[in-house]
Amino acid sequence: MATDFVARGSDLDLVGIRKEFPGFTALDHLDLHIPAGEFFALLGPSGCGKTTTLRLVAGLEEPTTGKILIGGKDVTASKPHERPVNTVFQSYALFPHMSVLENVAFGLRQRKIEDPLKRAEEALALVQLGHLAQRRPQQLSGGQQQRVALARALVNRPSLLLLDEPLGALDLKLRREMQIELKAIQMEVGLTFLHVTHDQEEAMDMADTVAVMNKGHIEQMGAPEALYDRPHTVFVAKFLGQSNLFIGDVAETSANSLSIEVAGYKISVPKDRAEKHTGKIAIGVRPEKADLHQQKPAPSSSENLIGPGEVLDIRFTGVSNQFLVEIPNIGLVTVFEQNEGNSTVALGDQVYVSWKVDHSFGLADLPDSVEE
Amino acid sequence: MRYSLGRAALPVYAVLALVYLLIPIVYTFIFSFNNTFKSNITWRGFTFNNWLTVCEEQGVCEAFGNSILIGVTSTIVATALGTAIAIALVRYEFKFRSAVSLLLFLPMATPEIVLGAGLASQFFNIGAEKGIGTVIIAHVMFCLSFVVVTVKARVSSLDPALEEAGSDLYASPSHVFWKITFPLLMPGIMSAALLSFALSFDDFIITNFNAGPTSTFPKFVYTAASKGIPAAANVVGSAVFLVAILIVVGVQIRSTIKERRLRAVK
Amino acid sequence: MAFAAFSGGSEKSEYKVPRKNSTKVALALLLPGMIYLALFFITPLVSLVATSLEVPDASGEIGRYQYGFEIGNYWYVIQTYWPHIARSFVYALAATILSLLISYPLAYFIGVRARKWPLIQKLALALVIAPFFISFLLRTFAWKQLFSNESWIVTTLQSLHILAPDQYLVGTDFMVIFGLTYNFIPFMTLPLYTALERLDLRLLEAGSDLYATPAKVFRKVTLPITMPGIISGTLMTFIPIAGDYINASRDFLGSSGTQMIGNVVETNFLRINDYPSASALSVLLMAAILGLVVFYVRRSGTEDLL
């Protein structure tokens with residue numbers, strides 16, 4: 001039955017989009033290509049322009065300049081009801097004066113498609129809500145409403161499905177369940193999904209490609225693993241997970257790597273993992289990539305080593321222990337250690353921190369607090 | 001002891017105040033059953049006669065009919081114009097917003113006598129014949145702002161995403177309005193219409209200035225007051241009151257049942 | 001029913017969505033109503049001002065006037081009718097204060113104390129609105145009958161020597177103010193109720209937690225928070241009372257000694273066809289009310305008006 005909904009999605013292209021509202025610019029020269037059939041996530045904090053981007057694609061806002069193409073066809077001037085796009089709204093926006101079934105059939109009726117009720121029933125079956133077809137939306141739970149909204153959009157077999165924080169209103173457990181379900185449905189129907197969220201775990205978990213947005217532009221785009229492993233900017237390094245950053249002037253350059261000097265320590269990064277090779281740069285490492293040592297380890301050219309510093313705080317989270325170490329003249333460094341039950345590091349201990357040079361990443365910019 | 005006395009004082013006061021509000025209503029109702037002789041001032045015994053022969057009193061039913069006609073017509077016009085304005089105020093960006101707000105607020109803040117005399121002087125200056133038409137024009141004018149305020153509250157509480165979802169699901173702007181916006185605004189529009197009808201039906205001052213020879217129910221009562229209001233007027237007043245109460249109670253019961261049903265399923 | 005018109009404070013949209021920027025549609029929605037108000041609200045006011053400056057025409061016939069620019073009409077009405085003008089505002093002030101005093105505890109009971117019993121709250125609210133459903137004139141006339149010279153109320157008061165044997169109630173200042181107060185209490189109670197119903201009780205608890213006595217909590221917390229309701233309630237009663245002429249009319253609760261601006265305007269306009277003086281009086285009334293409204297607008301901003 002679900003095969004009825006299999007349709008090839010379409011490419012989406014945003015070309016040179018700029019969107020101004022009275023008093024501020026929401027999007028500044030945005031270019032984006034999403035290939036057909038991909039699960040694409042726009043990730044960013046509130047006010048970064050991700051929802052505006054979605055509304056532009058849906059046709060609910062008009063760009064100030066730029067073009068929007070769906071499947072290669074320019075739809076910039078089309079009204080929302082003329083676009084082959086459907087949206088799952090953040091508030092679900094289910095029509096309270098219609099039954100669940102009529103909600104799902106609404107788009108079909110508008111397009112005068114045959115057998116709207118039969119198709120709507122099939123779509124409800126796809127999201128396992130066939131038995132609630134005659135209810136009013138207000139009589140359903142949040143998770144059920146979310147699925148109705150999904151069915152109402154999917155039943156139209158749009159070229160592109162837009163999801164505006166569709167899981168935002170659900171509690172954590174239901175949220176994780178729906179993430180799995182949503183991903184499964186996307187794989188099943190093969191549509192292009194454009195998913196907007198501020199939840200980094202959700203984006204990383206579900207999307208093929210994630211674009212991290214900040215202040216009206218895309219900071220970095222790529223597969224979730226790549227984004228996490230090699231953030232290009234301070235914003236991405238801090239927004240996706242946690243990072244320790246070290247700032248200093250490039251002091252040494254070899255064939256494969258470069259090093260900065262910070263408070264007398266040499267911190268290296270492979271050249272192909274650094275965005276900038278000269279001047280003052282920031283080098284970072286993820287907390288779980290760093291190790292703690294109670295004795296000073298033997299120096300190695302493939303390891304960065306700093307310390308000793310004092311353990312200021314230990315937080316026990318179950319899976320890992322999180323240590324906060326203050327290294328003199330550098331500041332606070334966070335280290336996560338897998339909870340294997342053999343940690344002997346205690347509060348107030350003097351420790352060394354090391355990590356593989358290959359795990360370092362060099363950023364293109366510096367934190368706001370640092371002057372160039 | 002002092003404390004509990006204090007707690008009881010307010011409810012007791014509220015009951016007394018409500019009784020005070022209801023005294024004239026009860027009086028009017030009781031005296032609609034008075035077995036009158038010439039005047040309806042002293043109680044002379046109970047009878048249904050006034051209710052059964054209400055239209056035999058000269059002018060009452062004609063005046064009542066006019067009031068209904070005027071009320072219905074001006075309600076329809078005022079509700080249509082006011083609903084459009086309410087939607088524009090909430091959903092659209094336009095210049096001179098505060099000028100529009102002011103223009104809508106002023107009629108509510110103008111004493112009726114000024115509205116009535118102003119319109120009457122305009123009709124007089126342009127030589128318009130006063131009658132049902134001029135009364136309807138006047139009533140639409142003063143009902144309009146009340147409609148806007150009432151419907152506006154409903155539009156503000158309507159999630160704009162519902163209309164966006166409609167156009168996202170291939171509905172043209174006019175379909176979005178008639179299939180989504182309008183049905184969802186209906187409760188607000190209905191209460192605006194009821195309010196508008198009530199205002200029009202009970203208006204005396206503005207009507208008196210602009211009706212010319214046309215009689216309405218309040219005008220009938222006013223004219224009759226100098227020689228004593230006939231029991232038929234009490235009958236009409238009480239009947240209108242009962243109908244209004246029935247409507248209000250009916251609407252309340254309906255919404256309560258709806259709420260219960262929703263809660264029961266959840 | 002919706003009496004949002006009388007509600008205190010502003011009704012802010014719950015949804016933050018940029019307003020649509022389609023001037024054409026906005027105009028199409030706004031224009032019919034705005035043109036209507038321009039034609040039948042603004043123009044009549046202009047016409048009223050024009051009429052107020054007219055002079056009797058050359059023929060000297062009663063009820064025939066021509067355009068002049070007779071500012072003197074205003075001096076004339078102020079000199080002739082100053083007792084009516086003063087009476088209107090004294091009555092309106094007295095009745096407004098009385099209805100505020102009567103309404104506030106009632107609204108407090110319905111909006112705060114009765115929260116625990118929704119059914120009682122709904123019923124009490126319905127009873128407050130109930131007078132709207134029966135003709136204003138019939139209600140006023142009912143009071144006239146209840147307080148008539150032969151009524152047991154008057155005879156009792158006379159036998160208790162509160163009233164002299166030849167003293168009655170109908171036709172007195174007291175009776176007119178009583179009627180005005182009664183008729184406009186719902187217009188006061190509803191906005192007060194709206195303000196009190198929104199009152200967050202935790203604020204009162206915080207107040208008494210911070211060592212304020214109940215009287216102080218009322219003065220420092222409840223009263224300021226419900227001030228918008230008080231302002232819109234007083235406006236919504238004062239304005240119609242100042243222009244009313246039913247209660248003060250001889251056929252209802254008044255006498256020749258209780259005539260208000262409205263009575264003069266009615267007589268001059270509809271009975272003796274003295275349009276200029278009736279118009280001048282109306283314009284004066286409107287100007288006074290506008291002064292009040294400007295004060296209100298200054299306090300709350302135009303967007304809050306609706």
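**Reading the model**

Reply: Let us begin with one strand pair: in chain A, strand β17 (residues 320–327) and β18 run antiparallel and are joined by 8 bridges. Strands (E, at least two residues) and helices (H or I, at least four) are DSSP runs numbered from the N terminus, and two strands pair if DSSP finds at least two bridges between them. This is a predicted model, in which local features need pLDDT of at least 70, side-chain atom pairs count only at pLDDT 80 or more, and totals for chains, interfaces and linings use all residues. Residues are numbered from 1 along each chain as its sequence is written, while chains are lettered from A and ligands numbered from 1 in the order in which they are written.

Me: Which residue of β18(A) is the bridge partner of A:Leu324?

Reply: The partner is A:Thr334.

Me: What is the order of the strands in the open sheet of chain A?

Reply: The 5 strands follow the order β15-β19-β16-β17-β18, with antiparallel pairing. Strands β15 (291–293) and β18 (331–338) of chain A each have a single partner, so one side of each edge strand lacks a neighbour in the sheet. From one strand to the next, the twist averages 45°, where axes are lines fitted to C-alpha atoms and angles run from 0 to 180 degrees between N-to-C directions.

Me: How is chain A divided into domains?

Reply: Domain bounds come from an automatic or database domain assignment. For chain A the assignment gives domain 1 (2–229) and domain 2 (234–292 + 301–362). Their centres, taken over C-alpha atoms, are separated by 39 Å. The contact takes 7 residues from domain 1 and 5 residues from domain 2; two residues are in contact if their C-beta atoms, placed from the backbone, lie within 7 Å.

Me: What is the secondary structure of chain B?

Reply: Chain B has 11 helices and 0 strands.

Me: How many residues of chains B and C take part in their contact?

Reply: Chain C contributes 81 residues and chain B 84 residues. On the side of chain C that touches chain B, α1(C) gives the most, with 18 residues.
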